[in-house]
Amino acid sequence: NERIEAVTINTHTSRPPKNTLRVQGWKDLPKDRSTARYEIPTADGGTRVITLKSGNRVVLDALISRPLFCASPVRISDRVCILRHEYGVPIDREMYDGDEASEGQRFGVYFIGQGVRRIEQGADREFCHSLKGERSDR
């Protein structure tokens, strides 16, 4: 389940994608915090299922929809670390040279890896725990 973070220095574009979300508060993220299930690719080419809710679910749903700036007052990076290290979600970070919005400082953007998808919403916890290879929020 351990995955080394992929950090790429962007050399082909000077700016992140136009749809990259700059999160100023939880209001900028998806609203649904209920339990949902996700299919995550594994190193051996298979997949496994995880169950998330609350902040972890909100951040993963946002990443599935578009890239996110790393820096955020709501500590996106904390949730990304949990998703990467505890759930094995492939999330990469690409670094960019500073722009006006970053006051000239280098900044990062998170991108979701290929193959991550939500497969169900409102999963029943007892059912989810019985699935092989699945991990649930605590």
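Leaving out neighbours within four places in sequence, Leu83 is in contact with Leu52, Asn56, Val59, Leu60, Gly88, Val89 and Ile91, where contact means heavy atoms within 4.5 Å. The model is a predicted one, in which local features need pLDDT of at least 70 and side-chain atom pairs count only at pLDDT 80 or more, while totals for chains, interfaces and linings use all residues. Residues are numbered from 1 along each chain as its sequence is written, and side-chain values use heavy atoms, with hydrogens and water left out.

Leu83 also belongs to the largest nonpolar core, which has 24 residues; together with Leu29, Leu68, Ile76 and Val89, Leu83 touches the most other members. Such a core is a set of buried Ala, Val, Leu, Ile, Met, Phe, Trp, Tyr and Cys residues joined through side-chain atoms within 4.5 Å. Buried stands for under 20% relative accessible area, exposed for over 50%, and partly exposed for what lies in between (1.4 Å probe, protein chains only). At least two residues of this core come from each of β2 (36–41), β3 (47–52), α1 and α2 (76–87). The most is given by α1, with five residues. Helices (H or I, at least four residues) and strands (E, at least two) are DSSP runs, numbered from the N terminus.

The axes of α1 and α2 come within 10 Å and cross at roughly 95 degrees; axes here are lines fitted to C-alpha atoms, for helices over the stretch in contact, with angles from 0 to 180 degrees between N-to-C directions. The pair is therefore roughly perpendicular, as angles under 35 degrees count as roughly parallel, over 145 as roughly antiparallel, 65 to 115 as roughly perpendicular and the rest as oblique. On the α1 side, Gly55, Asn56, Val59, Leu60 and Leu63 make the contact, and on the α2 side Ile76, Arg79, Val80, Ile82, Leu83 and Tyr87 do. By class, eight of these residues are nonpolar, two polar and one charged. In this scheme Ala, Val, Leu, Ile, Met, Phe, Trp, Tyr, Cys and Pro are nonpolar, Asp, Glu, Lys and Arg are charged, and the others, Gly among them, are polar.

Next come the strands. β2 and β3 run antiparallel and are joined by six bridges, two strands being paired if DSSP finds at least two bridges between them. Across this pairing, Arg37 stands opposite Thr51 in β3. Five residues lie between the strands of the hairpin, in which Gly45 takes a positive phi near 95 degrees. β3 is mostly covered, with five of its six residues buried.

Most residues other than glycine have a negative phi. Ser54 has a positive phi near 60 degrees; this residue is in helix α1 and is partly exposed at 28% relative accessible area. Arg75, also not a glycine, has a positive phi of about 60 degrees. Arg75 lies in the loop between β4 (68–69) and α2 and is exposed, with a relative accessible area of 55%. Ser65, in helix α1 (residues 54–65), is exposed at 53% relative accessibility, and its C-alpha atom is 9.7 Å from that of Pro30, 35 residues away along the chain.

Stepping back, the protein chain has three helices and eight strands, in the order β-β-β-α-β-α-β-β-β-α-β from the N terminus. Of its 138 residues, 42% count as buried. Among contacts with a separation of 6 or more, 64% are between residues 24 or more positions apart.
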